[in-house]
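Student: I am new to this structure. Can we go through it in short steps?

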Amino acid sequence: MENLEFDKSMFTPVSQEEKAFEKNIRPSVGYWSDAWRRLKSNKVALISLIIIIALVILSIVVPIVSPFKYDSQNLALKDLGPNKTNFFGTDKLGRDLFVRVMMGARYSLVIGGAAAIINLFIGVIYGGISGFFGGKIDNIMMRIVDCLYSIPTTIYVVIIMAVLKDTAFDKTGILSIILALSISYWVGMARIVRGDILQLKQQEFVLAAKTLGASKKRILFRHLIPNCMGSIIVTMTLLIPQAIFTEAFLSFIGLGLNAPLASLGTLCNDAMPAIYTNPYQLFFPAAMICLIILSFNMLGDGLTEALDPKHQR
């Protein structure tokens, strides 16, 4: 074969202008950066996030720096209306309501957050295994979920609280509430994760991982579940207000925290006898419950649009 010789004059070196033209004018944006940009553009969700952060900070700082203790009684100051010293007034035992509401918000947020985190792990693992393996395993696991889902959540939460409350297991009532909420609230998370896994496991990247010899455990926890994080975060955000409301309901009917601890539901229960004479004692803890639940729900709606562009208005 004859050697082919190329004429160097046919080729021209690339100029600096042409090299610069090939550069990306706009830097690449990752998934989470793009989600944060969309969340910031949603003013309602951003304000809700700021309110939640402010409430968390206030619930931690106020009981520490306030000159009033949440459990200190002073009958000479009982049933005082809101004033410059006691911003929310005082209760029937002369305790400062502002500090007690902030302390109640702390307990409610801790209980709601802890229950949501536990539900996150149980629901994600259960739903992930069910959706990934499918077949008989999925059928059996989902029938268990259907059985649990058919029973009203409040019924077995109340039963668990009635059994565990005031026992040596939990004298304060905090662990009992968290356990009761954790046992009952994970089924919704499991269903959502299962649905996402059923869709994602048909994608090409899962087939590529199997071809490269990845184990089932690695495919599930390193490839599938991370791709469900959008739905998981949104669901977790909406689980927290549900847990807070359930805890407030349990405390309102007397199955909440044991004295002297007080959540927002306990404060509402204590204020009921004086609802006509001192309505402010009920208004402030009830308003705090509404503010927390509304903020989390608005943030959840914003995260839905930010993490899944298909849900944008």
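Student: How much accessible surface does the protein chain have, and what share belongs to carbon and sulfur atoms?
Tutor: Keep in mind that this is a predicted model. The accessible surface of the protein chain comes to about 18,300 Å². The share belonging to carbon and sulfur atoms is 66%.

Student: What percentage of the residues count as buried?
Tutor: A residue is buried when its relative accessible area is under 20%. The protein chain has 313 residues. The part of them that counts as buried is 42%.

Student: Is Ser130 buried or exposed?
Tutor: Ser130 lies in helix 4, which covers residues 97–133. Its relative accessible area is 0%. The cut-off for buried is under 20%, so Ser130 is buried.

Student: Which residues is Ser130 in contact with, leaving aside neighbours within four places in sequence?
Tutor: Contact means heavy atoms within 4.5 Å. With those neighbours left aside, the residues in contact with Ser130 are Asp138, Met141, Met142 and Arg194.

Student: How far does helix 11 reach from its first C-alpha to its last?
Tutor: Helix 11 spans residues 229–252, which is 24 residues. At 1.5 Å a residue, 34 Å is expected. The model comes close to that, with a reach of 34 Å.

How values were computed:
Residues numbered from 1 in each chain as written. Predicted model: local features only at pLDDT ≥ 70, side-chain atom pairs only at ≥ 80, totals over all residues. Heavy atoms only, no water. Helix = DSSP H or I, 4+ residues; strand = E, 2+ residues; numbered from the N terminus. Expected span 1.5 Å × (residues − 1). Buried < 20%, exposed > 50% of the residue type's maximum accessible area, 1.4 Å probe, protein only. Areas by Shrake-Rupley, 256 points an atom, 1.4 Å probe, with all protein chains shown as cover.
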